[in-house]
Amino acid sequence: MAADDPGANSFSGSSVLPDLVTFAADRRFATVLADPPWRFANRTGKMAPEHRRLARYTTMTVEEIGALPVAAIAAPTAHLYLWVPNALLPDGLAVMSAWGFAYKANLVWHKVRRDGGSDGRGVGFYFRNVTELLLFGVRGKNARTLAPGRRLVNYFATRKREHSRKPDEQYRIIEACSPGPHLEIFARGTRQGWAVWGNQAVADYRPTWKTYPAHIATERDPSLPRGLFDA
Ligand SMILES: C[S@@+](CC[C@H](N)C(=O)[O-])C[C@H]1O[C@@H](n2cnc3c(N)ncnc32)[C@H](O)[C@@H]1O
């Protein structure tokens, strides 16, 4: 598929997912967003049974994720946004480094209920997690965020949607703070203006399991705590 072909921004669900380098062709992305299918291992290194039971997609080891050729498809100066579960923070930092980026900061997503309180329906062995971290790293020279980024606080609060679904607010934040071309890897669905790669990065993606009621709520609920873009 030619790099200037609009179809090169995603892949057809009926075809085999191309590897990242083939997908990128001659494109080099100035901003990469990644939400990898992290595998949760127990103390013996085996996949934790509770995660196997709840699995909704195939997972990858930290070695497999770290081996992805992200450095090869990123522009010489580039930003990386990497979602990492709280329990796997050291793995997130290791993957960021393996991909050739230096960790600089993070954005905290607070999962809230309709009334603005913490949404504690998540999992947690030690604490009930109501936040997730989006790690931010850079590579190359002059890699500061765009001007809006330097005025933003590193926190946003939105309602949960379906399992492992990240909030759409992330795209507004990233587009305001980081230059294009933008690439999302391990994306679900497609997005205008973004190249997307992943085995669910198809236009007709729909979750196949029960979701939270806020699943279709892509518009921000005005009753929620104020977020990054609220005046
Ligand atoms: C954590 S989910 C991403 C969720 C997404 N950010 C969202 O907000 O809905 C990880 C994604 O990686 C996909 N995936 C799993 N193994 C993959 C592989 N080997 N190659 C490409 N995608 C894979 C899963 O199907 C899933 O769509």
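I call a residue buried if 20 or more other C-beta atoms lie within 10 Å of its own, exposed if 12 or fewer, and partly exposed in between, with C-beta atoms placed from the backbone. My model is predicted: local features need pLDDT of at least 70, side-chain atom pairs count only at pLDDT 80 or more, and totals for chains, interfaces and linings use all residues. Residues are numbered from 1 along each chain as its sequence is written.

**Entry 1, Arg191.** I looked up Arg191 and found 18 other C-beta atoms within 10 Å, so Arg191 is partly exposed. Arg191 sits in the loop between β6 and β7 (194–197); strands (E, at least two residues) and helices (H or I, at least four) are DSSP runs numbered from the N terminus. Leaving aside neighbours within four places in sequence, Arg191 contacts Tyr171, Glu184 and Val196 (contact: C-beta atoms, placed from the backbone, within 7 Å).

Next I checked α6 (residues 169–177), whose buried residues are Ile173, Ile174 and Cys177. Down the axis of α6 they fall within an arc of 95°, so they line one face of the helix; the arc is that of the directions from the helix axis to the C-beta atoms. I see these buried residues packing against β1 (29–34), β2 (74–84), β3 (102–112) and β6 (182–185).

Finally, I listed the contacts of Leu82 beyond four places in sequence: Ala34, Gly92, Val95, Met96, Leu135 and Gly137.

Technical notes. Contact = placed C-beta atoms within 7 Å.
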